Amino acid sequence: MRIEQGFQPTPFPEQNVYLTDPVLPSLLERLLPKSVLEQVQPDLQRLGDDVVKVIRPLASSPLVSPPTITQYDQWGRRIDALQTSEGWRKLKAIAQKEGVPGIFYERLYGEYSRVYGFAKILLMVGDTQEVFCPLSMTDGAARILEQLGKGPWHDVYERLISRDPAKAFTAGQWMTERPGGSDVSQTETVATPTSRSHSYGEVYTLNGVKWFSSATDSEISLALARTGSVKDGSRGLSLFLVPLRLPLFPGPSETPSPVSNNVFLHRLKNKIGTHALPTAELSLEGTEAYLVSALNKGVKSITPVLNITRVWSAVTSTGHLRKCLEIAVSYAGVRRVHNGEELLKDNSVHVERLAKVSLLYRALTHLVFGVVQLMGRVECGEIGAKDESLRLRMLTPAVKAFAAEKASGGMEEAMAALGGAGYMEENGFGRAIRDALVEKIWEGTVVVLALDTTRATQDPTVIQSYISWAEGVLEYCPGSLKQSLSLPISLLKEGLSLIPQAYTAPLHPLIHRPALILVGYVTSSLYLLEHAAWSTAVDSDSKGVDVEVFKRWVLEDGLKDAIEEVKRTRNSGKDKAEMDAKIAFGGTNAVARDAKL
């Protein structure tokens, strides 16, 4: 039989990713004023088509390939020529033209600019080969320079937020070093003041090694370097702006050498995913840099970058899940089973699994955009922003960790919904899963973020702000709806009451991660309840689904287990930690013990 003969599989259709999204249109209707929605919705609909017709084909084409580096020329001179693929550069240019991250700083829609911009990112991220990694750090760098006001840095700031790819800068973030990973207290890079000055401020030279540089093709980077004593740990670090090449603004006929500022690329990382993204090990050997922070206040000064990139990370995890769910749902509409008599979309067992993935996507999207909305209000200084900034401080590490932790499982379930076809690289599941896995590590693992969430909650005003908001959401729920949802609301209240208990000193040494997961479930449930109440109040066509989504998420998808895990952890003693060590490291392994002897 020829391959063209016999049964021919039907390709799944690829449709407008905005109009077919099960969450975003309704969510934006609730979050955005009507006047704003009417202005941005046509742009989102246009982008929904462009993702399928322009961005996705480009991202999957041979034009996108891993970067390469040539360290020496034929004469033995160090040149460190980094070459990214044409497709990577085009995807980055598309994002910049779309206003990423420019939308956030043009603020045409005030506090709603963050919601609008991140809606575009959610739709694009699964098909952009991780160009949003450097753009997220560009966003963070722009925010730091914006807060400094219109001063000598303004020319750099304007480039960071530009929509013109020919002019736009991207920014890196150099924190991670060999001794510490996320622990910057062991930073080895040393900053030495010079006698020279620059319009940007006093000139320093940096000497050290940065172990993970994920925006190596950028024009500038923000870097932590030691200006105080080693014994001061992180309190002896300052924040610097580093041009990767000099001059930073070359003339029309100038092409600065890649090593013109003594930044040397030693190796490109061989990663599980994010293959098109240039991530390098680099050394700074007398590199010119300009002090951005107050002396020895670098960690505090770089915090806006961390907070912004963590929210980007949460949107990225959710966006990859969105793409995988989109494909699985579309495939169910064309794949026939049972001798070709039934479509998968009509098979209740199959649909039940898709509903579980959709439930997760809905919960994560509402959680993520709840935090995005907070960020927009805080940045614009809206009424109540001071109180909301406390909640934002608590939820930023939590949303990043929770989304990264939960999205991967949903993506695998969506892949399996296509059977063998899902395991084929052409469908995009493999790249999406590989790329999304980095979100469990970059900008802090779940454990690191759990510890950061704990630190935030040790300010009693933070917990008070969170509880006050949660009680307000519960109070807003109409009486009739509250009565019909008495069981899930009761469980939600139990989880809510446990959060301040979990974070009350003295803290159990193992409480951090279980408490963070509980915060993720409770907060996402509250946002779903808020949406269900709104949907009911406006008599939306989707009100029945919105109410059922809240109900199922609370009762069937992990909240009860999260509550029990926190209770179990709080009641455990030292013997659990001791047994954990034996289980992990084989403390009673007789063979290993005899081998040592």
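Reader: In which element is the place of D80?

Author: The model is a predicted one. D80 has a positive phi of about 45 degrees, although D80 is not a glycine. Its place is in strand 2, residues 78-83.

Reader: Is D80 buried or exposed?

Author: A residue counts as buried when its relative accessible area is under 20%. For D80 the relative accessible area is 2%, so D80 is buried.

Reader: Where is the place of T274, and is T274 buried or exposed?

Author: T274 also shows a positive phi of about 45 degrees without being a glycine. The place of T274 is in the loop between strand 8 and strand 9 (280-291). Its relative accessible area is 6%, and therefore T274 is buried.

Reader: Which residue does a cis peptide bond join to L246?

Author: The loop between strand 7 (237-243) and strand 8 (263-268) holds this residue. Omega of the bond is about 0 degrees, and the residue joined to L246 is P247.

Reader: What is omega near for the peptide bond from V100 to P101?

Author: P101 lies in the loop between helix 3 (86-97) and helix 4. The peptide bond from V100 to P101 is cis, with omega near 10 degrees.

Reader: How many residues of helix 5 are buried?

Author: Helix 5 runs over residues 113-124 and reaches 17 Å from its first C-alpha to its last, close to the 16 Å expected. Its buried residues include R114, Y116 and K120. Among the elements that cover them are helix 2 (34-59), helix 8 (298-332) and helix 9 (348-379). Helix 5 is mostly covered, and the buried count is 12 of its 12 residues.

Reader: What radius of gyration does the protein have, and why does it agree with a compact globule?

Author: The C-alpha trace spans about 70 × 70 × 70 Å along its principal axes. A compact globule of 597 residues would have a radius of gyration near 25 Å; the two values agree because the protein has 25 Å.

Reader: What percentage of contacts between residues at least 6 apart in sequence join residues at least 24 apart?

Author: The protein contains 20 helices and 11 strands. Buried residues make up 53% of the 597 residues. Of the contacts in question, the part joining residues at least 24 apart is 75%.

Reader: How far apart are the mean positions of the positive and negative charges?

Author: The protein has 66 positive and 68 negative charges. Their mean positions are apart by 3 Å.

Note on methods. Residues are numbered from 1 along each chain as its sequence is written. This is a predicted model: local features need pLDDT of at least 70, side-chain atom pairs count only at pLDDT 80 or more; totals for chains, interfaces and linings use all residues. Side-chain values use heavy atoms; hydrogens and water are left out. Helices (H or I, at least four residues) and strands (E, at least two) are DSSP runs, numbered from the N terminus. The expected span of a helix is 1.5 Å times one less than its number of residues. Buried means under 20% relative accessible area, exposed over 50%, partly exposed in between (1.4 Å probe, protein chains only). Contact means heavy atoms within 4.5 Å. The radius of gyration is taken over C-alpha atoms; the globule rule is 2.2 Å times the number of residues to the power 0.38. Lys and Arg count as positive and Asp and Glu as negative; His and the chain ends are not counted. The place of a charge is taken as NZ of Lys, CZ of Arg, CG of Asp or CD of Glu.
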